[in-house]
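Visitor: I have a structure open and would like to talk it through with someone. Could we take it one topic at a time?
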Amino acid sequence: MPSSAVARAETVILDHELLELVSSLVCILRDGRVTFINQAGIKTLGLTSAADAIGTDFVDYVEADYRFLVEAGWDLLAEEDFLPLKLHRTDSDLFEAEIRVRRVQSPDELFLVEARDISRFVRSAEALREREERLQGVLASVAEGIITVNEQGLIDTANPAVDRMFAYGPGKLIRQHIGVLMAETMRDHHGDMFKSYLGGGTKLMGRAVESMGRRSDGSLFPLEISVSELRHGKSRLFTGILRDISERKENEERIKRLAHHDSLTGLPNRNLLNDRINHALARVRRHGGRMAVLYVDLDKFKPINDTLGHEAGDVVLKEVARRLSTCIRGSDTVSRVGGDEFVVVMEEVARPGEAAMVARKIIDSLTKPVEFNEHACQVGASIGIAIFPDDGATMEEVSKAADVAMYRVKHSGRNAFCFYSDSTPQDEIDYDGTQP
């Protein structure tokens, strides 16, 4: 055998030995038919030996939907990098594969085909995609707003709840600064806190912070923010959970109001009244002067309830509360302390006659009947007045004195007022506090 032929034979043997070391399928094709296949290829295609493949058309191992790629020509495939397709084993079991075709430099028209079974990677990618889709589904369905923010304070991601909460279109918040979601008065504060945290100062993580959110139209709403940190390589990302707490705040205000206000009339109740009396007493003790307490008990109210029902009584009480509120100064308080009992606290009265003026206004305000279902409901008022410190040194003493004065009016004809210091009720009084 000529030396050149021996050299070529040795080279072919050496090449084949090297191809056996490759862990993926490798075969050599002539005119599209297999002339060589390595052991990894035999295993990949489910063959018993290389003889099962030699002479077969490689296209026979390609799933029908992908054969058009091979039929386009091996020369064309040799110009591409890895191409995804499906191959099937001898038992017709399909698997995901990736092939690369290269022309072999030889006198013959030879092509080297390398194929890798990527089924495991495809399954992993599909599982990852499914997890991402589920995650996106969860993020899209939750009521809380979820955003990620980089170290520059720029928004990287925002779920649909954030767009709804702040009235932005989908994707409009991406790459905007987190400050656009905050009330202008709060932006500097939050910015300083964020910088302090990055510098190792303020602790932000793991606690909820209340603030004021700002919608795209400029309207504000109470907002709760919870922040957590996520390391991303050498950089840091921050995840924010945003909650619109408007309803919670409204409920808190409602509960607070119910604890301090009468549910029917909206006036301060006894709890709030006592608090305001104590504050008023403290101011008078500190700065001197007088304050007045007026006990107002409605006349002829019970017959309205008995004849027309509680609905009529409620209408009358609400209208009386409204009229009483128009008779006092802004610094004074009118409250409902019982069924048809009201108390007025007047702070800083210069002389008793000021309390008499208010009592007279109350009586006059009730002269006009309250209309209910074409019935004219007429009520009056018996009013007892006590002055601090003249009629008592404590809240209890002053309140009791006003109550005693009110009962004097009740027992003396009603629809009038009486000072505790007076022995008889009055229906007319000078503004100096003396009887005409």
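**Backbone, rings and pocket**

Guide: Let us begin with glutamate 348, which lies in strand β13 (residues 341-349). Please keep in mind that this is a predicted model.

Visitor: What is the phi of glutamate 348?

Guide: Its phi is near 55°, a positive value in a residue other than glycine. Most residues other than glycine have a negative phi.

Visitor: And is glutamate 348 buried or exposed?

Guide: Glutamate 348 counts as exposed, because its relative accessibility is 59% and the cut-off for exposed is over 50%.

Visitor: What about glutamate 374: where is it, and what is its phi?

Guide: Glutamate 374 is found in the loop between β14 (370-372) and β15 (375-377). Although it is not a glycine, it has a positive phi of about 70°. Glutamate 374 also counts as exposed, at 81% relative accessibility.

Visitor: Staying with the backbone, which residues does a cis peptide bond join?

Guide: It joins phenylalanine 388 and proline 389, with omega at about 10°. Proline 389 belongs to the loop between β16 (380-388) and α13 (395-410). Most peptide bonds are trans.

Visitor: Changing topic to rings, how many aromatic pairs are there?

Guide: A search of the whole structure finds 3 aromatic pairs.

Visitor: What else is in the loop between α2 and α3?

Guide: Glutamate 63 has its place there. Glutamate 63 is buried, with a relative accessible area of 16%. Its C-alpha atom is separated by 6.3 Å from that of histidine 88, a residue 25 places away along the chain.

Visitor: Which arginine lies over the face of phenylalanine 82?

Guide: That is arginine 116, at 4.2 Å from the ring centre. In another such arrangement, the charged end of arginine 120 sits over the ring of phenylalanine 121, 4.7 Å from its centre.

Visitor: On to pockets. What is the volume of the largest pocket, and which residues lie nearest its centre?

Guide: The volume is about 530 Å³. The lining has 27 residues, and Ile178, Met182, His190, Gly191 and Phe194 lie nearest the centre. Two or more lining residues come from each of β6 (145-149), α7 (184-198), β9 (220-232) and β10 (235-244). The largest share, 9 residues, comes from α7.

Visitor: How many of the lining residues are nonpolar, polar and charged?

Guide: The lining of the largest pocket divides into 13 nonpolar, 8 polar and 6 charged residues.

Visitor: Last topic: how many residues of α12 are buried?

Guide: Helix α12 is mostly covered, with 10 of its 14 residues buried. Among them are Glu354, Arg360 and Ile363.

Visitor: What span should α12 have?

Guide: At 1.5 Å a residue, helix α12 (residues 352-365) should span 20 Å, and its end C-alpha atoms are 20 Å apart, which agrees.

Technical notes:
Residues are numbered from 1 along each chain as its sequence is written. This is a predicted model: local features need pLDDT of at least 70, side-chain atom pairs count only at pLDDT 80 or more; totals for chains, interfaces and linings use all residues. Side-chain values use heavy atoms; hydrogens and water are left out. Rings of Phe, Tyr and Trp (its six-membered ring) pair if their centres lie within 6.5 Å; planes under 30 degrees apart count as stacked, over 60 as edge-to-face and the rest as tilted. A charge sits over a ring if NZ of Lys or CZ of Arg is within 6 Å of the ring centre and within 35 degrees of the ring normal. On a 1 Å grid over the protein atoms alone, a cavity is a set of points where a 1.4 Å probe fits but cannot get out, and a pocket is an open set with protein on both sides within 12 Å along at least five of seven lines; lining residues have an atom within 4 Å of a point. Grid points are joined across faces, edges and corners, and a volume is the space filled by probe spheres set on the points. Helices (H or I, at least four residues) and strands (E, at least two) are DSSP runs, numbered from the N terminus. Ala, Val, Leu, Ile, Met, Phe, Trp, Tyr, Cys and Pro count as nonpolar, Asp, Glu, Lys and Arg as charged, and the others, Gly among them, as polar. The expected span of a helix is 1.5 Å times one less than its number of residues. Buried means under 20% relative accessible area, exposed over 50%, partly exposed in between (1.4 Å probe, protein chains only).
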